[in-house]
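Please examine the sequence and the structure shown here. Which of its features can be read with confidence, and which call for caution?

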Amino acid sequence: DLSAAQRKFAHSLRDFKFEFIGDAETDDERYIDASLHEFSNFLKNLEEQREILALSVTETLIKPLERFRKEQLGAVKEEKKKFDKETEKNYSLLEKHLNLSAKKKELQLQEADNQVDQNRKHFYELSLEYVCKLQEIQERKKFECVEPVLSFFQGLFTFYHQGYELAKDFNHYKMALQINIQNTRNRFEGTRSEVEELMNKIRRNPQEHKRANHFTMEGYLYVQEKRPAPFGSSWVKHYCTYRKETKKFTMIPFEHRSGGKLGDEELFVLTYCTKRNIDTIDRRFCFDLEASDRPGVPVTMQAFSEEDRKLWMEALDGKEAVRDTFYPALLFSERHNCNAALKFFKLFFLVGAQLDKIGFTVIKKCISAIETRGINDQGLYRVVGVSSKVQRLLSLLMDAKTCNEVDLENSVDWEVKTITSAMKQYLRSLPEPLMTYELHGEFIVPAKSGSPESRVNAVHFLVHKLPEKNKEMLDILVKHLANVSKHAKRNLMTVANLGVVFGPTLMRPQEETVAAIMDLKFQNIVVEILIENHEKIFKTLPDATFPEPISMSVSPPNAPPRQSRRQGQRIKRPLAVYNLCLELDDADSHSSPREDTPPGSMDSLSSQSPTPTPAFSSSPPGLLDGNHLIMDSGDLASWTANL
């Protein structure tokens, strides 16, 4: 029965909830989440009218979802099987290695160490790939699942005898949701290269890019549990954390064979830490801890390697002196030589990039040329210039002797894409991003939560905390970007598109970790807020009574009104467009949406209402939920770095 099936579908849509990785969602993602509930209400209204429907859902709904299930979810399940298999293999080899007697020949021990090291590298590489795949599938679900549902609803109205009026009422919400979906897709595609670059950095130097947290040290250790004679002792794997400030050491038993089963947490205050030599114990990489409430009863622990033991000894203030572990930042294998050479050349070439007189001259000359020659160029700032030409232009602009001689506005020698690439490269080569490392976290917070007004006020307040030169340069740049967005009908660079381009350019965390991947889209939102509210933020002083904690809204977002605006002309905004290969409609023969942003249809997510965001558990990292394929990628990165 079609009616019963659709009522059941409406019930499923109402109860369905998207899951996500990270600590917050963008407003577009929240509206996509809420859209399913809105769809449920539409379908319920249709069934109440008792109209006879004739609709084929195979092409519009079932096939896309089935294809997504087979191609995307199926691929992730295969990756999970592969990951579980390699996990079991890695721990089995590791336990076998740790059980080797320290009295064996040095050659045998060295061969065993080399084998474990190779296996560890392979497992670490596989773990990173699995994390990236999980992050990708969670992001894809936002648009891959909702778009077919949206097509299904659009098809419903064409088969209703009285569907015309209802379709008019639905149209406003549909347009807003299409923008949400497009923005979500664009952020996913726009940040993909940043994710890949960050993953490469982590591969080269995992310790340097470990997740920042409040623990001095954390990771897995094997703890010796002594038993009465003649049973000897056993070694049990624990997830351990330590805070140097309070000297609190925490241990949680962890058994990977039982699906990550956890035991009871044990907490004690550390008194001292001592390294164990192999002449006192038949195991390597061991050290003793003593708790303040158990004097004279040391706890023996075993690290995974000598390097891991050194890190723990340093964190725990071990009695024996430990040399600092050094991770050379520029030691790459031969397959990275070309990339390393190019990066070194760029770093060396742009070492003079500063917010000085030359810097302001470079930016002003570039902006003037862009607005004079290329403000209407399609894909402005998205189309990249030739690297050699960009470097040559920068060399001329950064030289005080030749800077004034370069004529960017009238010379045909310099293409617009070369000028835009040079300006972005200059901004990225500053000693620290324009919006500073210090304020990076504070800028991200309002993008994740709060009302539209509180977001603008928060960013307004923080901009005026920037150093004067940074604020002056940001004012010049954002004013230019606001001008670019006004020509979005021709250049296709909407506020959302500009946010994707300049988010990583103006903002980046000082510590680049896998967890930072989750904040890339929020950097874009901050830039959108700056562009949309340029006049208020830079031309007026912030409210002196502002800084108040921004709390998560506990109420769901107000969905865009379903009723058409019968009074007056409805104002629309253009969709964010990235595919520059799409043909443009003739402006004379087709009516296009106005660029103005109405209250119910924002040009970006930066000023829409938020919803509460569920937080992940603070349990030890690396625990897999086989039903939902959920994992905190930042935690997994730290976990794999400790292996």
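Me: What is the mean pLDDT of the protein?
Reply: The model is predicted, and each residue carries a confidence value from 0 to 100. Of the residues in the protein, 73% reach 70 or more. The mean pLDDT of the protein is 75.

Me: Which helix has the lowest confidence?
Reply: Confidence is highest in helix 15 (residues 468–485), at a mean of 95. At the other end of the range, with a mean of 39, is helix 20 (residues 633–641).

Me: How many contacts beyond near neighbours in sequence does the stretch of residues 548–643 have in the model?
Reply: The pLDDT is below 50 over residues 321–351, a stretch with 29 contacts beyond near neighbours in sequence. Over residues 548–643 the pLDDT is likewise below 50. For residues 548–643, the number of such contacts in the model is 239.

Me: Within what arc do the buried residues of helix 1 fall, seen down its axis?
Reply: Helix 1 (residues 2–15) has 14 residues and spans 20 Å from its first C-alpha to its last, close to the 20 Å expected. Its buried residues are Ser3, Gln6, Ala10 and Leu13. These residues line one face of helix 1, because seen down the axis they fall within an arc of 80 degrees.

Me: How far apart are the closest N and O atoms of Glu66 and Arg69?
Reply: Glu66 and Arg69 both lie in helix 3 (residues 58–98), three residues apart, about one turn of the helix. An α-helix has 3.6 residues a turn, so residues three or four places apart point the same way. Glu66 is partly exposed at 29% relative accessibility, and Arg69 is partly exposed at 40%. Glu66 and Arg69 form a salt bridge in which the closest N and O atoms are apart by 2.4 Å.

Me: Which residues are linked with Glu66 in a network of salt bridges?
Reply: The structure holds 22 salt bridges. One of them joins Glu66 to Arg69. The network that includes Glu66 links it with Arg69 and Lys70.

Me: How many residues apart in sequence are the parts that Arg185 and Glu147 tie together?
Reply: The side chains of Arg185 and Glu147 meet in a salt bridge at 2.3 Å, N to O. Glu147 counts as partly exposed, at 30% relative accessibility. Arg185 lies in helix 6 (residues 163–190) and Glu147 in helix 5 (residues 146–158), so the pair ties together parts whose separation in sequence, in residues, is 38.

Me: Is Asp475 buried or exposed?
Reply: Asp475 lies in helix 15 and Lys539 in helix 19 (residues 534–539), so their pairing ties together parts that are 64 residues apart in sequence. The N to O distance in this salt bridge is 3.8 Å. Lys539 is partly exposed at 49% relative accessibility. Asp475 has a relative accessible area of 17%, under the 20% limit, and is therefore buried.

Me: Which cysteine has the sulfur nearest to that of Cys366?
Reply: The count of disulfides comes to zero. A disulfide would require two cysteine sulfur atoms within 2.5 Å. Cys366 is buried, with a relative accessible area of 0%. Cys366 is in no disulfide, and the nearest cysteine sulfur, 8.9 Å away, is that of Cys403.

Methods
Residues numbered from 1 in each chain as written. Heavy atoms only, no water. Helix = DSSP H or I, 4+ residues; strand = E, 2+ residues; numbered from the N terminus. Contact = heavy atoms within 4.5 Å. Expected span 1.5 Å × (residues − 1). Buried < 20%, exposed > 50% of the residue type's maximum accessible area, 1.4 Å probe, protein only. Arc of directions from axis to C-beta. Salt bridge = Lys/Arg side-chain N within 4 Å of Asp/Glu carboxyl O.
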